[in-house]
Amino acid sequence: MKKLLEFGRRAMFVIRVMSGYEERRIRSYRLHLEKRLQEAQQRRAALRKVPEQVILSEMRRMVGEMQALNQKLEQAEAAIGEYFKPIDQNADMIMDMQLKREKEQMTEIFKATQSGELLAQTEAEMRRKASSTGTNQQSQATDSVNAVDQQTQAK
């Protein structure tokens, strides 16, 4: 009986092959396998992209946090600047006053040294004149003494 069943199966297979049924079935099975293979490859590609997307979303989040931190820092700097603005203005006024005082002192010192130099120059000129007039006066004094002696002798 087994042999008869097996002969029947083979006969049916031969009939199916000859009619093209088995070929269509094999083709559809092959197409089905190709379709499943393509779907698996698409899933793999999607899974490969998922880490990239996760990394990109994490990077976007980190960039957003950094921008928020930068904005907070800028606000803090502005608040600190506003807080110290009156102190800076006072410091500028004090520095300006000190610079003016130093400038005035320097001009006074400059004037004093110039006047000292002028005094020294005038004293030197007076000494020169005095020494030159002193020799002239001595010669004039000796001349006048000689003239007086001559007048007294003439009388």
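Q: Which residue forms a salt bridge with Glu-123, and how far apart are the closest N and O atoms?
A: Arg-127, with the closest N and O atoms 3.8 Å apart. A salt bridge here is a side-chain nitrogen of Lys or Arg within 4 Å of a carboxyl oxygen of Asp or Glu. This is a predicted model, where local features need pLDDT of at least 70, side-chain atom pairs count only at pLDDT 80 or more, and totals for chains, interfaces and linings use all residues. Residues are numbered from 1 along each chain as its sequence is written, and side-chain values use heavy atoms, leaving out hydrogens and water.

Q: Where do Glu-123 and Arg-127 lie?
A: Both are in helix 2, 4 residues apart, about one turn of the helix. Helices are DSSP runs (H or I, at least four residues), numbered from the N terminus.

Q: Is Arg-127 buried or exposed?
A: Exposed, because its relative accessibility is 59%; buried means under 20% relative accessible area, exposed over 50%, partly exposed in between (1.4 Å probe, protein chains only). Glu-123 is partly exposed at 41%.

Q: Which residues are joined into one network?
A: Glu-58, Arg-61 and Glu-65, through salt bridges that share partners. Arg-61 and Glu-65 meet at 2.4 Å, N to O.

Q: How many salt bridges does the count come to?
A: 5.

Q: Switching to aromatics: how many pairs?
A: The count is 1 aromatic pair. The ring centres of Tyr-83 and Phe-84 are 5.1 Å apart and the planes are at 85°, so the pair is edge-to-face. Rings of Phe, Tyr and Trp (its six-membered ring) pair if their centres lie within 6.5 Å; planes under 30 degrees apart are stacked, over 60 edge-to-face, the rest tilted.

Note on methods: Helix = DSSP H or I, 4+ residues; strand = E, 2+ residues; numbered from the N terminus.
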